[in-house]
Amino acid sequence: MSWSATDMFLIAAIGLLGGTLGGLLGLGGSVFIIPALTLCFGANQHLYHAAALIANVFVAIAATLRHRGRGTIRRDVVPIAVTAGSIMAILGVLVSNMIPAKPLMVFFGAFLCYCTVAELVALSRRTPDHDPDPEMRMPFGIAAAIGGIGGFAAGLLGIGGGAIMVPLFRKVARLPLRQAVACSAATMIGACVIGAVAKNLTVHTLHDPAGKLLTPSGSLLLAALLSPAAMLGGNVGALLVYRVPLVLTRCVLAVLLGFAGVRMITSGLGT
């Protein structure tokens with residue numbers, strides 16, 4: 001697939017905005033990047049999936065460097081979650097390669113809509129954020145389960161996994177939002193590196209919607225256009241985590257997930 005100069009500029013802009021939102025919300029960026037690429041260039045889920053996983057690595061690294069030193073990266077959580085997430089990312093990629101692109105998009109969109117509804121319900125009930133507890137230690141099983149689920153989602157859907165991990169860290173592990181965002185970002189580094197390698201090594205076995213075989217060079221070129229701007233955006237977004245009011249952050253999270261979910265469902269259904 002060839003890109004014009006205008007296309008390249010648009011892809012970089014998508015990477016920048018996706019990285020900023022990903023860094024702010026701990027989502028990795030591709031929750032916005034994949035639907036935006038679909039909207040601008042048409043359905044090509046497996047290509048976008050392979051490229052977005054690479055971009056997610058750069059967003060996660062930039063965000064984690066910002067979170068380091070703020071005391072929000074939990075050392076009792078991240079090593080366990082990274083290990084489980086990296087293993088499950090490989091399984092997610094293998095499963096994604098067996099699923100046609102359009103059903104995969106519908107599944108992705110439905111999950112995002114669920115996350116939107118859950119966040120809006122919490123906001124409407126004015127559910128307060130959890131208070132930091134320096135004495136709390138997360139059980140091994142919970143950290144491993146959340147990391148594993150996030151890693152599997154990263155491999156399966158091309159997302160960073162944060163769209164699942166942030167809600168789970170908050171609701172199941174009862175972490176404050178900023179800790180959930182920081183732990184999600186750090187966990188995504190390992191999961192997305194493994195997922196990106198696995199997906200791009202197997203992308204030559206997959207087809208675009210027109211039936212043409214994909215190539216690793218195509219996904220790597222798209223990733224090269226997305227990643228520098230996405231990394232810059234991830235750095236900016238992670239800085240905003242500590243400057244934007246939590247309620248506003250949660251509202252942005254709900255709106256973004258809702259937009260992405262509806263767009264992925266309509267694209268997957270061919271409307």
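Reader: What share of the 271 residues in the protein chain is buried?
Author: Buried residues make up 56% of them. Buried means under 20% relative accessible area, with a 1.4 Å probe and protein chains only. This is a predicted model, where local features need pLDDT of at least 70, side-chain atom pairs count only at pLDDT 80 or more, and totals for chains, interfaces and linings use all residues. Residues are numbered from 1 along each chain as its sequence is written, and side-chain values use heavy atoms, without hydrogens and water.

Reader: How many helices and strands does the protein chain have?
Author: Ten helices and zero strands. Both are DSSP runs, numbered from the N terminus: helices are H or I with at least four residues, strands E with at least two.

Reader: Why is the protein chain called as compact as a globular protein of that length?
Author: Its radius of gyration is 17 Å, close to the 18 Å of the globule rule for 271 residues, so the term applies. The radius is taken over C-alpha atoms; the rule is 2.2 Å times the number of residues to the power 0.38.

Reader: What makes up the largest nonpolar core?
Author: It has 76 residues. Leu 27, Leu 37, Phe 169, Leu 222 and Leu 226 have the most contacts inside it. Helix α3 (residues 45–67) gives the largest share, twelve residues. Such a core is a set of buried Ala, Val, Leu, Ile, Met, Phe, Trp, Tyr and Cys residues joined through side-chain atoms within 4.5 Å.

Reader: What share of contacts between residues at least 6 apart in sequence joins residues at least 24 apart?
Author: In the protein chain, 83%. Contact means heavy atoms within 4.5 Å.

Technical notes. Buried < 20%, exposed > 50% of the residue type's maximum accessible area, 1.4 Å probe, protein only.
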